[in-house]
Amino acid sequence: MNIILLGPPGAGKGTQARRLVDDRNMVQLSTGDMLRAAQSSGTEMGKRVADVMARGELVTDEIVIGLIEEQIETVDAAGFIFDGFPRTLAQADALGELLEKEGETLDAVIEMKVDDEALVARVTGRSTCANCGEVYHDETKPQPADGTCAKCGASEFKRRPDDNEDSFRTRLLAYYRDTSPLIGYYYAKGQHVAVDGMADIEAVSAEIKEVLDRA
Ligand code: ADP
Ligand code: ADP
Ligand code: ZN
């Protein structure tokens, strides 16, 4: 089973993708994580995209499609969770072709709906474990009081340079301009389902589970 988690920055895509990985043996493919990894390891591509990402603009379709293609062709998984990809119609077309080439289907496109005001609070309060990537939030999911990650016990946490209000505004505009047309695109294909991303993390997981059990 292959699914897309679609939603604006801070909607909870990464949080829910990680829970599906634990529960269903699926593999999370986050282009944001791949691009950040390229930056940390100092590759040419990583250097090229750093400024664009810090501003909150989209990197080129060519780069992200290349990253996804490599994963789909080499990783053997019970299913992929596409998190933060596709973000443009060109990326959606490319994904359709890549899956078809591998004899795979796209089983659901889950749109996570969250109000704009809630998004800015989510993004500016976000931190992640530097070791395992567990996602925390200053108010809704605070780091444990003893300063260690609840999942892996590590004690270093990171904040993203683009998780500030300025970059967030640019990212939100990019979402409405370039990514939200995918809702209609997948609706027309009969693959779109919306879930209430305003609910708490457990409730959102339960709603996604219901969608996947029906898919
Ligand atoms: P968010 O948590 O805001 O959804 P991501 O971690 O998915 O953010 O992406 C962070 C940044 O990486 C984006 O603002 C953009 O610059 C770049 N990026 C990630 N995925 C894509 C994509 N599919 N197409 C273009 N740019 C992308
Ligand atoms: P995305 O991958 O869509 O950008 P994340 O999963 O990283 O979003 O979540 C953004 C922030 O919001 C994180 O700090 C996370 O802990 C928090 N968060 C995620 N889901 C919820 C939820 N349902 N309710 C409240 N906070 C949430
Ligand atoms: Zn951890």
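**Ligand sites and the zinc site**

In this predicted model, an N or O atom in the side chain of arginine 171 lies 2.7 Å from an oxygen atom of ligand 1. Taken alone, ligand 1 exposes 550 Å², and the protein buries 97% of that. Valine 59 uses its backbone instead, with an N or O atom placed 3.1 Å from a nitrogen atom of ligand 1.

Around ligand 1 there are 19 residues, and the closest are Lys13, Thr31, Arg36, Glu57 and Arg171. By class, this shell is made of 8 charged, 7 nonpolar and 4 polar residues. Helix H2, which spans residues 31-40, gives the most to the shell, with 4 residues.

A backbone N or O atom of glycine 14 lies 2.8 Å from an oxygen atom of ligand 2, and a polar backbone atom of alanine 11 is 3.2 Å from an oxygen atom of ligand 2. Threonine 140 contributes through its side chain, where an N or O atom is 3.1 Å from a nitrogen atom of ligand 2. Taken alone, ligand 2 exposes 560 Å², of which the protein buries 93%.

Ligand 3 is a zinc ion, and its protein donors are the SG atoms of Cys129, Cys132, Cys149 and Cys152, lying 2.3 Å from the metal. Along the sequence these donor residues follow the spacing C-x2-C-x16-C-x2-C. What arrangement do the 4 donor atoms around the zinc ion make? The angles they subtend run from 102 to 114 degrees, so the arrangement is tetrahedral. For four tetrahedral donors the ideal angle is 109.5 degrees.

Cysteine 149 is buried because its relative accessible area is 4%, and buried means under 20%. Cysteine 152 has a relative accessible area of 33%, so cysteine 152 is partly exposed.

Note on methods. Residues numbered from 1 in each chain as written. Chains lettered and ligands numbered in written order. Predicted model: local features only at pLDDT ≥ 70, side-chain atom pairs only at ≥ 80, totals over all residues. Heavy atoms only, no water. Near = heavy atom within 4 Å. Polar contact = N/O pair within 3.5 Å; in protein donor to acceptor, adjacent residues only side chain to side chain. Areas by Shrake-Rupley, 256 points an atom, 1.4 Å probe, with all protein chains shown as cover. Helix = DSSP H or I, 4+ residues; strand = E, 2+ residues; numbered from the N terminus. Nonpolar A, V, L, I, M, F, W, Y, C, P; charged D, E, K, R; others polar. Donors = N, O, S within 2.8 Å, 3.2 Å for Na, K, Ca; no water. Tetrahedral: all angles 85-135°; square planar, octahedral: opposite > 155°, others 65-115°. Buried < 20%, exposed > 50% of the residue type's maximum accessible area, 1.4 Å probe, protein only.
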